[in-house]
Amino acid sequence: MSQPAHRRLLHLFDHFAGAATRQAGSPLAFALAVFVVAAWAISGPLFGYSETWQLVINTGTTIVTFLMVFLIQQSQNKDSIAVHLKLNELLASHREASNHLVAIEDLDEEELRALVAFYRQLAKLADEEGDVKCSHSIDEARQNHESKAATRRKRQTRGEPVTVA
């Protein structure tokens, strides 16, 4: 399959998946599902609650569920990528934000755990500073903390009173 044809097919599937998932989550779709189940339940006595009667609903719901999983996953993947791109743009465009988190979704489990530890350290630094309004940039908070610690050490060596600020 040529590249333009493949791209067009992906584009069509993307639009179909988006439309299908929007419609599947609508009140009309829910009402239709309730109607189908009610019609099936009411028809039970007519078919003597046979195994075939039970197989009809089981097969139908299994097929619908199987197909919907792929459509919903496609829509969620697209939405997830869009949200990540928007967040990356916000991080990249804000002068005081740390760029460590741009494209964080591409990190593996171990790297994510390291970042969690890093942010716990950031929270600890903020607690030590005692100011809720202090910077929340990793780099800036670390520099701020180191600067304050250096100032406290200088005051201690000179015998000046040290205040925690």
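**Confidence and aromatic contacts**

This is a predicted model, so a look at confidence comes first: the chain has a mean pLDDT of 85, and 89% of its residues reach 70 or more. Confidence is highest in helix H2 (residues 27–42), at a mean of 96, and lowest in helix H5 (residues 138–158), at 76. Where pLDDT is low, the predicted coordinates should not be read in detail.

Now for the rings. A pair of aromatic rings is described by the distance of the centres and the angle of the planes. The count comes to three aromatic pairs. In one of them, the ring centres of Trp40 and Trp53 are 4.0 Å apart with the planes at 5 degrees, so this pair is stacked. Trp40 belongs to helix H2 and Trp53 to helix H3 (residues 51–93), so the contact ties together parts that are 13 residues apart in sequence.

Trp40, at 22% relative accessibility, counts as partly exposed.

Trp53 has another ring partner, Tyr49: here the centres lie 5.2 Å apart and the planes meet at 90 degrees, so the pair is edge-to-face. Tyr49 is partly exposed, with a relative accessibility of 48%.

Conventions: Residues numbered from 1 in each chain as written. Predicted model: local features only at pLDDT ≥ 70, side-chain atom pairs only at ≥ 80, totals over all residues. Heavy atoms only, no water. pLDDT = per-residue confidence, 0-100. Helix = DSSP H or I, 4+ residues; strand = E, 2+ residues; numbered from the N terminus. Phe/Tyr/Trp six-rings, centres within 6.5 Å; stacked < 30°, edge-to-face > 60°. Buried < 20%, exposed > 50% of the residue type's maximum accessible area, 1.4 Å probe, protein only.
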